[in-house]
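Please walk me through this structure in the viewer. At each stop, tell me what to select and what is there.

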Amino acid sequence: MPTKYDLAIIGSGGGAFAAAIRATMLGKSVVMIERGTLGGTCVNTGCVPSKALIAAADARHVAADAADRFPGIATTAGPVDMPALIAGKQALVETMRGEKYADVADSYGWHVRRGDAGFAGTPDAPVLEVTAADGAVETIEAEHYLVATGARPWAPPIDGLDEAGYLTSTTAMDLTEVPESMLVLGGGYVALEQAQLFARLGSQVTVLVRSRLASKEEPEVSRTLQEVFADEGIRVVRRAVPTRVSRDAATGQVVVTADVSGGSQEFRADQVLVALGRRPVTDGLNLDAVGVKTGDSGEVVVSDHLQSSNPRIWAAGDVTGHPEFVYVAAHHGTLVAENAFADADRSVDYSHLPRVTFTGPAIGAVGMTEKEVVAAGIRCDCRVLPLEYVPRAVINRDTRGFIKIVVNADTSEILGLTAVAKDAGELAAAGVHVLGKTIAEVADAWAPYLTMTEGIRIAAKSFTTDPSLLSCCA
């Protein structure tokens, strides 16, 4: 006989845990099925390890750069002990996995099953079959099911790529030595973070990008990051489309042939890192058998309420093809539990969703870009405030970057904010609460002196006053 639960969850990442916590708090019985490592992408191969390594690389970069920025300071940056760095990263991952995932599951008391889960039964009577490592199969029946299986790095079908071998954002973070040289394919947030990470650890990095860096963000972001990368010795080749990858038998280097502005060029490096996107993990789930529709990339197609085409089966996080942030997945998980068990009628709304890329300086944004405002038929007004007008940036002796505010010209309502700055993530978080306010409201609001968020107020003032005519605290 099948084991019965109120909620059966496939996956154990942020979306899965948020759903399990909320459903348990609502008094429901929960089982979570995981075929790999507990915790999902964020803690194991995503946010936690990548940002830990980025912070370490930033510390080394600051040590190498401080003497040029601050008079009277002498610092040096020696070679990286990569095995020690990776071991420290892994220790942090294991600690957080234990404290924030395994211990939490134990505290709430839901059941965890280890094995591969796939749907069986019919659309009207779906069940899960869970196959353990020893081949034993358990049948699980639930009132509701949640697919929270995440996404994995994706590589396009480039001739010779599989044979030559390549790194992904996951495998790159387990390298035991710093490559002398690295090619990075891609220009999105993963490519940008990994390219700068390895450059700051000591690699000679070349980025091949089809259009421009951070192409979904404001064009000012691309220009600023290109300048930053050039200053740090990172070569960026735009309009480059890889067509073939091979490995030189004599040197062991990877050779990438790419079409660059109509011509063919070869690029060589010790390693190639493919950062051209991710794809939802739905293989093996047998979704067709229970009437769950998937999209062109394998994502579970869901409504605004995160319900699939089968009303008893929901999806949350990266597997939906929605914005790939762990805080989105967690929001999804809570929403699913409340819609399924608390008679809620909640839907997802990304209009105030902040997004951050952890380069140095970072990219932070929230709301609409200028291009999106124009495409929506809204009369647009905007200002770009260089960081040389933000006292915190001047004090930091790092004025690389800007703050841009996009406004409805007819109402003065703020529709979007983008920043490239040391604390751009915090600026994006502040921007969540700025959207919808008028320029005058923000310009007249309190802002503590010598904070980066004061720059939002100065950017708002720049709509009516030349920032060069402002006093440092007025």
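The tour below goes through a predicted model, from its cores to its helix packing, strands and loops.

**Stop 1: the cores**

Select Phe-119, Leu-146 and Val-147. Within the largest nonpolar core, which has 52 residues, these three touch the most other members. Keep Leu-146 selected and show its surroundings. Leaving out residues up to four places away in sequence, Leu-146 touches Leu-7, Ala-8, Ile-9, Ile-10, Gly-15 and Ala-19, and also Trp-314, Ala-315, Ala-316 and Val-336. Then select Ala-214, Val-236, Leu-273 and Ile-363, which are among the 35 residues of a second, separate core.

**Stop 2: helix α3 against α4**

Select residues 47-69 for helix α3 and residues 82-108 for helix α4. Their axes come within 9 Å and cross at roughly 140°. Because of that angle, α3 counts as oblique to α4. The crossing of α3 past α4 is right-handed. To see the contact, show Val-48, Pro-49, Ala-52, Leu-53 and Ala-56 on α3, with Leu-85, Ile-86, Lys-89, Leu-92, Val-93 and Met-96 on α4. By class, this contact of α3 with α4 has ten nonpolar residues, one charged residue and no polar ones.

**Stop 3: helix α3 against α7**

On the α3 side, select Ser-50, Lys-51, Leu-53, Ile-54, Ala-57, Asp-58, Arg-60 and His-61. On the α7 side, select Glu-193, Gln-194, Leu-197, Arg-200 and Leu-201. The contact of α3 with α7 divides into five nonpolar, three polar and five charged residues.

**Stop 4: two strand residues**

Go to Thr-257 in strand β12, residues 254-260. Is Thr-257 buried or exposed? Thr-257 counts as buried because its relative accessibility is 18%, and the cut-off for buried is under 20%. Beyond residues up to four places away in sequence, Thr-257 touches Val-241, Pro-242, Thr-243, Arg-244, Ser-264, Gln-265 and Glu-266.

Next, select Val-384 in strand β19, residues 380-386. With 37% relative accessibility, Val-384 counts as partly exposed. Apart from neighbours within four places in sequence, Val-384 is in contact with Glu-220, Phe-402, Ile-403 and Lys-404.

**Stop 5: backbone exceptions in loops**

Most residues other than glycine have a negative phi, and most peptide bonds are trans.

- Select Gly-360 and Pro-361: the peptide bond joining them is cis, with omega about 0°. Pro-361 is in the loop between β17 (354-357) and β18 (362-367).
- Select Ser-261 in the loop between β12 and β13 (263-269). Ser-261 has a positive phi, near 50°, and is not a glycine. At 58% relative accessibility, Ser-261 counts as exposed.
- Select Leu-450 in the loop between α13 (439-443) and α14 (454-461). Phi of Leu-450 is also positive, about 65°, in a residue that is not a glycine. Leu-450 counts as partly exposed, at 30% relative accessibility.

Terms used:
Residues numbered from 1 in each chain as written. Predicted model: local features only at pLDDT ≥ 70, side-chain atom pairs only at ≥ 80, totals over all residues. Heavy atoms only, no water. Core = buried A, V, L, I, M, F, W, Y, C linked by side-chain atoms within 4.5 Å. Buried < 20%, exposed > 50% of the residue type's maximum accessible area, 1.4 Å probe, protein only. Contact = heavy atoms within 4.5 Å. Helix = DSSP H or I, 4+ residues; strand = E, 2+ residues; numbered from the N terminus. Axes fitted to C-alpha atoms, helices over the stretch in contact; angles between N-to-C directions. Parallel < 35°, antiparallel > 145°, perpendicular 65-115°, else oblique. Left-handed = near helix turned anticlockwise from the far one by under 90°. Nonpolar A, V, L, I, M, F, W, Y, C, P; charged D, E, K, R; others polar.
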